[in-house]
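Here are my notes on this one, written as a handful of points to read with the structure open beside you. Take them in order and find each residue as it comes up.

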Amino acid sequence: FIGFLLALTDFFQDALRPGGGAAASTASAPDSPLSLSRVRDFGLTLAPPLAVACYDPSLFFQAIDKAGAFGVSMLFGLLPAWMALARRSTESPVLVR
């Protein structure tokens, strides 16, 4: 959750910066911890999930359940098989007599 929060907050910081884009964000000084733009970015990140959770908590829990099930099935189901296939395709074949 913390990684998602920081990544999306940084995305909004870069996307909504005057002058546009990541080039402007590297050239300027970092914002102070309580600046108005930081509060805006955290609000844009946290307000939509909070609104959905307050409106209908069961809908929020269903969305979290679906997202978790997809991630776990990818992480433990398909990804190891794809990694093994990629590893085998890069190795040279070994002939055993």
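1. Start with the overall layout. This is a predicted model, and the protein has four helices and zero strands. Read from the N terminus, the order of elements is simply α-α-α-α.

2. Next, how much is tucked away? Of the 97 residues in the protein, 8% count as buried. The accessible surface comes to about 7,900 Å², and 73% of that surface belongs to carbon and sulfur atoms. As for contacts, take those between residues at least 6 apart in sequence: 51% of them join residues at least 24 apart.

3. Now go looking for the largest pocket, which holds about 190 Å³ of space. Which elements give two or more residues to its lining? They are helix H1 (2–15), helix H3 (36–55) and helix H4 (57–90). H3 supplies the largest share, with four residues.

4. The list is Phe 1, Phe 4, Leu 5, Thr 45, Leu 46, Pro 49, Leu 50, Phe 60 and Ile 64. Sorted by class, that makes eight nonpolar residues, one polar residue and no charged ones.

5. On to charges. In general, side chains of opposite charge can pair when their charged atoms come close.

6. Look at how the two partners sit. Is Asp 41 buried or exposed? Asp 41 is buried, with a relative accessible area of 0%. Arg 40, at 36% relative accessibility, counts as partly exposed. The labels follow from the cut-offs, since buried means under 20% and exposed means over 50%, with partly exposed in between.

7. Leaving out residues up to four places away in sequence, what does Thr 9 touch? Its contacts are Asp 41, Phe 42 and Thr 45.

8. Leu 16 comes next, in the loop between H1 and helix H2 (21–27). At 39% relative accessibility, Leu 16 is partly exposed. Leu 16 and Asp 41 are 25 residues apart along the chain, while their C-alpha atoms are separated by 8.8 Å.

9. Finish with Leu 44, which is found in helix H3. Leu 44 is partly exposed, at 37% relative accessibility. With residues up to four places away in sequence set aside, Leu 44 touches Phe 12 and Leu 16. Leu 44 and Phe 12 are 32 residues apart in sequence, and 7.8 Å apart from C-alpha to C-alpha.

Technical notes: Residues are numbered from 1 along each chain as its sequence is written. This is a predicted model: local features need pLDDT of at least 70, side-chain atom pairs count only at pLDDT 80 or more; totals for chains, interfaces and linings use all residues. Side-chain values use heavy atoms; hydrogens and water are left out. On a 1 Å grid over the protein atoms alone, a cavity is a set of points where a 1.4 Å probe fits but cannot get out, and a pocket is an open set with protein on both sides within 12 Å along at least five of seven lines; lining residues have an atom within 4 Å of a point. Grid points are joined across faces, edges and corners, and a volume is the space filled by probe spheres set on the points. Ala, Val, Leu, Ile, Met, Phe, Trp, Tyr, Cys and Pro count as nonpolar, Asp, Glu, Lys and Arg as charged, and the others, Gly among them, as polar. Buried means under 20% relative accessible area, exposed over 50%, partly exposed in between (1.4 Å probe, protein chains only). Contact means heavy atoms within 4.5 Å. Accessible areas come from the Shrake-Rupley method with a 1.4 Å probe; for residues, only the protein chains shown count as cover.
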